[in-house]
Every structure is written in C-alpha cells, then in structure tokens.
Amino acid sequence: MNYDELETLPISRNTFYNLDIFKNVQFEKLAGFLLSCSTEIVEPGTKLIYPELENQRLIILLEGLLEVKLESQGGEFTDTIKPGHCAGEMSIFDDIKPSATVSAKEKSKLLIIPADVATVMVHASHQLCLNFLHILSQRLRNNNKVVCEEQYHIRCMEEFAKIDPMTGLHNRRWLEEMYTREINRSNIGNFSLTAFMIDVDHFKNVNDTYGHLAGDQVLISVARTLVHSLRPSDMPVRYGGEEFTVFLPGTTTENAKVIAERIRSNMENMSVVLPDGNVIPVTVSIGFAERVDGDTVASLIERADQAVYQAKENGRNRVCQNLGGGKFNLL
C-alpha cells in the first residue's frame, strides 16, 4: 500500500507527523486505521460536539481554531483548541455524553476519527496513549491554574467588600465576622476584651460649614490617627457615618484608659488643612466598656455607645467608661 497517496488516506505522512497528537507515533502502525477516517471543512460557529448529543467521533484539528465552552451554575468557562490537538476524546474514553460544547471559532479543517476506530488506535499504539495523557494533563494543569486564579480573585473581592473605601478601615461586614469570633474566644477562655465607640464631635457642623468633601477629609484623617494610636492587635472599624469602633483583645480597664486617652489627645492635636487654607480642628468623644460573661458583640458595643453618649453630654472631647448598672466614670 502506498501510504502517501491522498486518494486513499485522509492525511499525508507529513501532516501526520506534524500533529501533536501523533508525536513520536509510527505512521505505519496507524495508517491502516486512517482509511476509516475522513477530513471535513467547517464554517465558523459550527457546533461539533455538545452535551445534548452523544459523541461518536474524535476530532483532530488540522487547520483553524476551535472553541470550548463549559457552562455551570458558577458561570461559563471558555478555552480554545489549536491545530494538532483534539476534541471529544474524554466522552469517548469514559463513554458518557460530552460536558462541554465545541464549536469552530474560525473556518477549520478537521480529521474525523470514528469513536470505535479511536479506541482501537489507542490500543494499537502505546505512544498515542501517552500523547493523549500528555494533552489531558496539560489541560488539567491549565484548568487548575484557572480555578486557583478565580478563587484568588473571589477572595480578593470578598476582602474588598469588607473594607470601607473612604478610610481604608474594615467595615460593618468585617465587624460581624471578626468581632463575633473574638468575643466568643474571650468568653470561652475568659480573656479580657474592651470595646471602644468613638464619635467625631460636631461633625454635622463640619459638613454644613465646609462641605461634605471636607467632611470626608476629616474622616480619613481621624481613621489614620486612630490606626497610629492603636496596637497591631487592636481591631478598628468604621462603624458608620462619623462613628468608629475598636475591639481591643487582652485589654483590661486600666490599659483601656491609657489607650483611650492617647486616642483622644492625638485627635485633639490633629487638624485638617483644606486646599483653600481653612483649618478644621478635630476632637472625638470616646466611650468604652469591658466584656462581661455572656456578652455578645451587640451588647458590648451598646454599653460602649452608652458611654459615648455620656461623654458628649458632659462637654465632648472626653473619655467615659461604662461601669455597668447605669453607672459611668468620666475621665
């Protein structure tokens, strides 16, 4: 038999050796099987393999470009198949319907191998089997890379969703998760935990007098000063509007007094200079409470908030401790 005659074989010997799927495969071992195969030219958009139809053929791309689409509840995954590679082998080897749709992305020339012939070819050539494994492992590695990148982006988006975009502090969504974890840990281990509520004094007047952009600059400066006044283990959050809260793990009442006064003093010594030269003085009122047995995030923050109210009622720019039982200690 003259294996180079295109009248008897769908592809020539040279084409055979240029295809990745047949790399290092002896042409003579498979040439007889190729007599049962054919070539086909398809137009862009032609569906070649899809989940609704049981796949009965292996497709090897000779020229052009194929597109693979896999749809799931998580979205759509898209990939391409380049000349020398194949499509449909998985549904043939595991004998189930295809999970993806394969279409011609551009005008393409295909080598069509019937499913039963493809199975026999694999049994006939150990090297062909290795080539399939190599192609499938490459696809698996690429898919794993895509999955890892997607998971990374999802985690980034989840973290961004927990950050207040103006101040850069964590927001209420982060508070609900992390503060709950911290108070549960403190309740179980009977660890000290103190909560601060911090309110910017006369903030409405800042907005009314200088405008909301100036108010934003005040909040940014307050957040920056707050972070610089705290320890790395402390957990500041923009609670909402001009209110901030901080959980201080492992902090007793005496330590909390020192930290609260440091925050108050740093805020008082800070000023916000606007582009037009106006200077906005800033002070804050701080209330704090120490965890007691059975506290929740809400109950601890509520007691700290009650102390803030007392600080504001008694002249602002003050620190107030909630002693419990309706008693307060103004510092």
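Contact, in these legends, means heavy atoms within 4.5 Å. The model is predicted: local features need pLDDT of at least 70, side-chain atom pairs count only at pLDDT 80 or more, and totals for chains, interfaces and linings use all residues. Residues are numbered from 1 along each chain as its sequence is written, and side-chain values use heavy atoms, with hydrogens and water left out.

**Figure 1. The protein chain as a whole.** Let's start with the overall picture. The protein chain holds 10 helices and 16 strands; these are DSSP runs (helices H or I, at least four residues; strands E, at least two), numbered from the N terminus. Its radius of gyration is 35 Å, well over the 20 Å that the globule rule gives for 331 residues, so the chain is more spread out than a compact globule. That radius is taken over C-alpha atoms, and the rule is 2.2 Å times the number of residues to the power 0.38. Along the principal axes, the C-alpha atoms fill a box of roughly 105 × 50 × 35 Å. Among contacts between residues at least 6 apart in sequence, 69% join residues at least 24 apart.

Figure 2. Helix 10 covers residues 297-313, and Ser 299 is found in it. Ser 299 counts as partly exposed because its relative accessibility is 23%; buried means under 20% relative accessible area, exposed over 50%, and partly exposed in between (1.4 Å probe, protein chains only). The side chains of Ser 299 and Asp 295 are joined by a polar contact of 2.6 Å. Such a contact is a pair of N or O atoms within 3.5 Å; within protein, one must be able to donate a hydrogen and the other to accept it, and residues adjacent in sequence count only if both atoms are side-chain atoms.

Figure 3. Is Lys 312 buried or exposed? With a relative accessible area of 18%, Lys 312 is buried. Leaving aside neighbours within four places in sequence, Lys 312 is in contact with Asp 199, Val 200, Asp 201 and Ser 285.

Figure 4. Now for a strand: Gln 321 lies in strand 15, which spans residues 319-324. Gln 321 counts as buried, at 9% relative accessibility. Not counting residues up to four places away in sequence, Gln 321 touches several residues, including Thr 253, Lys 257, Phe 288 and Ala 307. Lys 327, Phe 328 and Asn 329 are also among the residues that Gln 321 touches.
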